[in-house]
Amino acid sequence: MTANFRPCKLRGAINAPPSKSMAHRYLIGAALSGQSCRLMGVDFSEDILASMDCLRALGAEISLDGDSVTVEPRAFMRAEAPILECRESGSTLRFFIPLALCLGREVILRGSKRLLERPLSVYEELCREEGFVFGKDERSIRLNGRLKNGNYRVRGDISSQFITGLILALVYLGGESSIEILPPFESRSYIDLTLSALQAFGAKVWFRDALTIEVKPSAWSSYSGRIEGDYSNAAFLDAFNRLGSEIKIGNLKPDSLQGDRVFSDYFDQICNGTPTLELSDCPDLGPVLFALAALKNGATFTGTDRLRAKESDRGAAMHEELRKLGGGLIFGSNTITVPKQRLRYQGELLNGHNDHRIVMAMSVILSQTGGGICGADAVRKSYPGFFRDLKQLGAEVELS
């Protein structure tokens, strides 16, 4: 799909879409609880559909009614020889590998070539140390092992998804365990989201101290509730505001634990100066921050190495597309500098790099310069209603 923009300003009120990060965690928490649970306000992005498919493959029953999901987990983790289809969802893959290793029998996880290229060394090392089977090719992973309760040590500078996956497995196993996190501890906010979601179902898991997570036997309970709004995707909507649009964004929890809540403060700094901003705890904001900095005063970003292992190499992808508009990025050691630049659409169609956040970030820029971007349907991964919402707010964008 190609999205063609004319320069435009947006006006109106819109609700931020439901949080993808929280939906993953609550869906899995519902299955772990062993109780019938109903979750409302779920946005059926490709990543969330992948997690629901994996839960079904492991034996949970899932039914949909509008934006509500009912999870009946009576047979969860009882499936024989399950095959888990992870599509292109990094969260799904990394959350479900440790759960698969609790079964003590062969499990296959499948996904796109790009997904299987993303780092999995933490789990590979764990399987090697425990004598588990971990076989990997371009499209699948074959596992066989039986994870046990115990005391684990993991690096804190890895993706938080690995730590969340291990927490989910240890909570499922039901005994006493601990996870010691070796500093530096990055992306802690995502671990806070995991613990908050699991505690809603009665799980006994918490930080014993700043670097140790403790898991105790849990008295699980049913939970019904609404998924909170997503700060990651709200950032793209608010970026239009910083360029002259007037959008009122609702459905955002003021006291949310989402690390991407920092976007508003970062936007303020970009609009008022040339700041240096740290991305280790909010890597998903990288593309939209680069886009706004390019249109405003410029900025320098640290903690950017993690952007290489997303749906695309996000720094390289943004540089490639900004060059087509007469701009670009400057790369250093774990840093990216965005100079202030005068961007102009020069007739060359931009490329979305099969990355939802690249498409949305470049859409912000194209609303100023005009022009088109191909591969725009990548937004289905996290925000399938993105272009619908932009049109509702008056964006001059045509899809073909």
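Visitor: Is Arg87 buried, partly exposed or exposed?
Guide: Buried means under 20% relative accessible area and exposed means over 50%, with partly exposed in between (1.4 Å probe, protein chains only). Arg87 comes out at 31% relative accessibility, so the label is partly exposed.

Visitor: What pLDDT do side-chain atom pairs need before they count?
Guide: Residues are numbered from 1 along each chain as its sequence is written, and side-chain values use heavy atoms, without hydrogens or water. This is a predicted model, where totals for chains, interfaces and linings use all residues, local features need pLDDT of at least 70, and side-chain atom pairs count only at pLDDT 80 or more.

Visitor: Back to Arg87: which loop holds that residue?
Guide: Helices (H or I, at least four residues) and strands (E, at least two) are DSSP runs, numbered from the N terminus. Arg87 has a positive phi of about 55° despite not being a glycine. Its place is in the loop between β6 (83-85) and α3 (90-100).

Visitor: Asn251 isn't a glycine either, so what is its phi?
Guide: Asn251 is in the loop between β15 (246-250) and α9 (263-272), and is partly exposed with a relative accessible area of 33%. Its phi is positive, near 65°.

Visitor: Which two residues does a cis peptide bond join?
Guide: One of the pair, Pro184, lies in the loop between β11 (177-182) and α7 (188-200). Omega is about 5° for the cis bond, which joins Pro183 and Pro184.

Visitor: Which side chain makes a polar contact with the side chain of Lys310?
Guide: Lys310 is in the loop between β17 (299-302) and α11 (314-324), yet is buried, with a relative accessible area of 11%. Leaving aside neighbours within four places in sequence, Lys310 is in contact (heavy atoms within 4.5 Å) with Arg114, Arg118, Pro283 and Asp284. A polar contact is a pair of N or O atoms within 3.5 Å; within protein, one must be able to donate a hydrogen and the other to accept it, and residues adjacent in sequence count only if both atoms are side-chain atoms. At 3.4 Å, the partner is Asp284.

Visitor: What is the volume of the largest pocket?
Guide: On a 1 Å grid over the protein atoms alone, a cavity is a set of points where a 1.4 Å probe fits but cannot get out, while a pocket is an open set with protein on both sides within 12 Å along at least five of seven lines; lining residues have an atom within 4 Å of a point. Points are joined across faces, edges and corners, and a volume is the space filled by probe spheres set on them. For the largest pocket, that gives about 690 Å³.

Visitor: Which residues are closest to its centre?
Guide: Elements giving two or more residues to the lining of the largest pocket are α1 (20-33), α3, α5 (121-130), α6 (160-173) and α12 (356-369). Of the 41 lining residues, the closest to the centre are Arg94, Ser159, Pro283, Arg306 and Lys310.

Visitor: Which element gives the largest share of the second largest pocket's lining?
Guide: The second largest pocket has a volume of about 360 Å³. Elements giving two or more residues to its lining are α5, β10 (151-155) and α6. The largest share, seven residues, comes from α5.
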